[in-house]
Amino acid sequence: MIIRKATSEDRDAIVAFNQAMAFETENKTLPEDKIVPGVSRVLSDENLGFYLVAEVDDKIVGSLMVTYEWSDWRNGPKPLLLKMFATSDLFHPKLKRPKM
């Protein structure tokens, strides 16, 4: 498995994952006219956040959005993990559990 920072070429996969997650968790359908520009905006402006994607055999099987929130304790922004999604393809026979 490869974990990498997403690029604009990954937009459609991230949109599909977000739509699937919204439907699975909230039975909500995300309109294309909102979700596509929303994902595109994050991909084009790292001040808003960024996405990581997981690949197995050159197929994107998961994504994670990282955004920021203000921390008064730190007097600065801190990363906030949001919107993690993995397809059933993530549980691929080539993947092994990490050794603890």
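A residue is called buried when its relative accessible area is under 20%, exposed when it is over 50%, and partly exposed in between (1.4 Å probe, protein chains only). By this definition, six of the seven residues of strand S2 (residues 50-56) are buried, so that the strand is mostly covered. The model described here is predicted: local features need pLDDT of at least 70, side-chain atom pairs count only at pLDDT 80 or more, and totals for chains, interfaces and linings use all residues. Residues are numbered from 1 along each chain as its sequence is written, and side-chain values use heavy atoms, with hydrogens and water left out.

**The sheet**

- Helices (H or I, at least four residues) and strands (E, at least two) are DSSP runs, numbered from the N terminus.
- Strands of a sheet pair through backbone hydrogen bonds, in either a parallel or an antiparallel manner.
- Two strands count as paired if DSSP finds at least two bridges between them.
- Here, four strands form an open sheet in the order S1-S2-S3-S4, with antiparallel pairing.
- S1 and strand S4 (76-86) stand at the edges with a single partner strand each, so one side of each has no neighbour in the sheet.
- On average, neighbouring strands of this sheet are turned by 25° against each other, direction ignored; axes are lines fitted to C-alpha atoms, for helices over the stretch in contact, and angles run from 0 to 180 degrees between N-to-C directions.

**Strand partners**

- Strand S1 (residues 2-5) pairs with S2 in the antiparallel sense over four bridges.
- Within this pair, isoleucine 2 stands opposite glutamate 55, and arginine 4 stands opposite valine 53.
- S2 and S3 run antiparallel and are joined by seven bridges; leucine 52 stands opposite leucine 64 in S3.
- The hairpin of S2 and S3 has two residues between the strands, and aspartate 57 takes a positive phi near 50° in this hairpin.

**Serine 63 in strand S3**

- Serine 63 belongs to strand S3 (residues 59-71).
- With a relative accessible area of 4%, serine 63 is buried.
- Contact means heavy atoms within 4.5 Å.
- Not counting residues up to four places away in sequence, serine 63 touches Ile14, Phe17, Leu52, Val53, Lys83, Met84 and Phe85.

**Helix H2**

- Helix H2 (residues 32-44) has 13 residues and reaches 18 Å from its first C-alpha to its last, close to the 18 Å expected at 1.5 Å a residue; the expected span is 1.5 Å times one less than the number of residues.
- The buried residues of H2 are Ile35, Val36, Val39 and Val42.
- These residues cover an arc of only 135° around the axis, which puts them on the same side of H2; the arc is that of the directions from the helix axis to the C-beta atoms.
- Asp33, Lys34, Arg41 and Ser44 are exposed on the other side of H2.
- The buried residues of H2 pack against helix H1 (11-26), S2 and S3.

**Arginine 11 in helix H1**

- Arginine 11 is found in helix H1 and, at 29% relative accessibility, counts as partly exposed.
- Leaving aside neighbours within four places in sequence, arginine 11 is in contact with Val36, Val39, Ser40 and Leu43.
- Arginine 11 and leucine 43 are 32 residues apart along the chain, and their C-alpha atoms are separated by 7.8 Å.
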